[in-house]
Amino acid sequence: MNRIAIIGAGMAGLAAARRLADQGHDCTVLEKSRGLGGRMATRHADALRFDHGAQYFTARGESLKAYVRGWQQEGVVAEWGPDRLVGCPGMTAPAWAMARGLSIHRNCRITHLEHRPEGWQLHTEPGPDHEALAKPFDAVLLAIPAPQAITLAATAGIEFPAMAQVRYAPTITLMAAFDHPLSLPDVAFEPTEGPLAWIARNATKPGRDTEPETVVAHAGSEWSRTHVDTPAEELGEPLLEALRAIVGKAQPFHWQVHRWLYARVEQAAGTPCLWDAQQRIGACGDWALGARVEAAFDSGEALAAAVIRSTGVDQGQAKG
Ligand code: FAD
C-alpha cells in the first residue's frame with residue numbers, strides 16, 4: 001500500500017503519519033486549518049499567545065516517552081509540574097516537530113470521499129486546487145473527531161458503527177490579557193463553583209513570556225453545553241465576571257472567547273482505532289480511547305500498526 005491520505009493534523013493524525021512514513025509509506029496529510037496540532041492549540045493575537053486548547057499532556061506509554069525525550073532535548077517540550085508536559089513556546093510545538101519531513105497540506109478541508117476502482121479520491125471545498133489530491137490514494141485514514149468522521153465516511157457510503165456511541169462535551173474558553181499580575185496559583189486553579197472549571201496563567205508554563213499576564217480559563221462542561229450556541233462576543237462578560245469572582249477586580253486590555261464544539265470525549269468507543277482492511281479506510285483520534293492528547297497519540301499509532309499489519313493483505317476486515 002503506497003499512497004496513504006491522512007485527514008487531520010492533530011496528534012492522532014501526525015502519530016499515524018509519522019509511523020507510516022518511517023515504514024516507507026508515501027503519506028499525505030490534509031489539514032483544514034492554517035496551523036498544526038488540532039486541539040493542542042496556540043492562539044496568537046498580535047504579540048499575545050494563549051494555549052487555548054489542551055493545557056498539558058502526559059507521556060506514560062513508552063512510545064510517546066521516546067518522542068518526548070527527543071523533544072525535551074530540542075527544547076520543544078518541557079515539564080510543567082509532575083506528570084505534566086507542555087509544548088514550548090506553545091502547545092503546538094510538538095506537532096510541528098512531528099510534521100518535519102512529512103508531506104502536509106494545510107488550508108485543505110476534505111468535504112467528501114469517493115471510492116473508485118483505482119483508489120480513494122478526496123474532494124475539497126471549492127477553491128485553489130490541491131495538486132496532492134489529483135491522484136487517488138490507496139488508503140484513507142480519518143484522524144478527526146468522531147462526529148465529523150461519521151459524516152465524512154458517509155459521503156462514501158462507509159459506516160463506522162463503533163463511533164455511534166462516542167459523546168463529546170463542548171468547552172467554552174476565555175483568553176484574557178492583563179497589564180498587571182493576577183493573584184492565582186502558580187500552576188493552575190480548578191474552581192469547584194461557578195462557570196469556570198480551569199484557570200491557568202500562561203506565564204507559569206516554561207518558555208512563555210512572563211509579561212503581560214495572559215490567562216486561559218475553561219468553562220465547565222455544564223455551563224459550556226448551555227452556552228455553546230451563544231455568540232462568542234456575548235460570552236466574554238459572564239466569563240470575566242466569573243474570573244473576577246475569583247481574582248478580584250481585573251479589567252483585561254484584551255480578551256476573546258473560543259467555543260470548542262468537540263472538546264472532550266465523555267464516552268469513548270473503547271477500541272484503539274478502526275481499520276477496514278478490505279475498503280482500506282480507517283479512523284483514529286481521541287474518541288477511540290479517551291479525552292487526552294496521549295490517547296489520541298496511542299490511537300494514531302494503533303491505526304498505523306493496523307495498516308502496516310494488513311499491508312499485502314487483500315481481503316478481510318481487521319480492527320486495530
Ligand atoms: P484534533 O486535535 O481535533 O485533530 C483533528 C484535526 O483534524 C484538526 O487539526 C482539524 O482541524 C482537522 N480536521 C477536521 N476535519 C477536517 C477535514 N474535513 N479536512 C481536513 N482536516 C480536518 N488533553 C490532555 O491530554 N490534557 C489537557 O489538559 C487537555 N485539555 C483540553 C482542553 C480543551 C479546551 C480541549 C478542547 C481539549 C483538551 N484536551 C486535553 C484534549 C486533547 O486536546 C485532545 O484529546 C487531542 O488533542 C485530540 O487529538 P486528535 O488528533 O484526536 O484530534
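Predicted model: local features only at pLDDT ≥ 70, side-chain atom pairs only at ≥ 80, totals over all residues.
**Loops, domains and a ligand shell**

Colleagues, let me begin with P206, which sits in the loop between β13 and β14. Helices (H or I, at least four residues) and strands (E, at least two) are DSSP runs here, numbered from the N terminus. Residue numbers start from 1 along each chain, following the sequence as written.

Let me stay with P206. Is P206 buried, partly exposed or exposed? P206 counts as partly exposed because it has 14 C-beta neighbours inside 10 Å. With C-beta atoms placed from the backbone, a residue is buried if 20 or more other C-beta atoms lie within 10 Å of its own, exposed if 12 or fewer, and partly exposed in between. Setting aside residues up to four places away in sequence, P206 touches A78, W80, V86 and C88. Contact here requires the C-beta atoms of two residues, placed from the backbone, to lie within 7 Å. W80 is 126 residues from P206 in sequence, yet the two are 6.8 Å apart in space, C-alpha to C-alpha.

C88 brings us to the cis peptide bonds. One of them joins C88 and P89, with omega about 5°; P89 is in the loop between β6 (85–87) and α3 (93–99). Another runs from E211 to P212, with omega near -10°. P212 belongs to the loop between β13 (196–201) and β14 (213–219).

I now turn to confidence. The protein has an average pLDDT of 93, and 97% of the residues score at least 70; pLDDT is the predictor's confidence in each residue, from 0 to 100. Residues 313–320 have a pLDDT below 50, and this stretch has 22 contacts in the model beyond near neighbours in sequence. For the complex, the predictor gives an ipTM of 0.99 and a pTM of 0.96.

Next, the overall division. The protein is split into domain 1 (3–40 + 92–164 + 269–310) and domain 2 (167–266), with bounds from an automatic or database domain assignment. Six residues from domain 1 and four residues from domain 2 make up the contact. On the side of domain 1 that touches domain 2, four residues are nonpolar, one is polar and one is charged. In this classification Ala, Val, Leu, Ile, Met, Phe, Trp, Tyr, Cys and Pro are nonpolar, Asp, Glu, Lys and Arg are charged, and the others, Gly among them, are polar. The C-alpha centres of domain 1 and domain 2 are 31 Å apart.

Where does the ligand lie in relation to these domains? Both domain 1 and domain 2 give residues to the shell around the ligand, so the ligand lies between them. The ligand is surrounded by 38 residues, the closest being G8, G10, G38, G285 and D286; a residue is near a molecule or strand if its C-beta atom, placed from the backbone, lies within 6 Å of it. At least two residues of the shell come from each of α1 (11–22), α4 (146–154), β11 (167–178), β15 (254–267) and α8 (293–310). By class, the shell has 19 nonpolar, 12 polar and seven charged residues.

We come to the interior. In soluble globular proteins, nonpolar side chains tend to be buried together. A nonpolar core is a set of buried Ala, Val, Leu, Ile, Met, Phe, Trp, Tyr and Cys residues joined through C-beta atoms within 7 Å. The largest such core has 79 residues, and A16, V140 and L141 have the most contacts inside it. α8 contributes the most to this core, with nine residues. Each of domain 1 and domain 2 supplies at least three residues to this core. Leaving aside neighbours within four places in sequence, L141 is in contact with I4, A5, I6, I7, A16, G282, A283, C284 and L303. Another core, of 20 residues, lies apart from it and includes I172, A200, L235 and V257.

Finally, some loop residues. D46, in the loop between β3 (43–45) and β4 (48–50), is not a glycine but has a positive phi, near 50°. D46 counts as exposed because it has 7 C-beta neighbours inside 10 Å. N107, between β7 (103–105) and β8 (110–116), also has a positive phi, of about 55°, without being a glycine. With 13 C-beta neighbours inside 10 Å, N107 counts as partly exposed.
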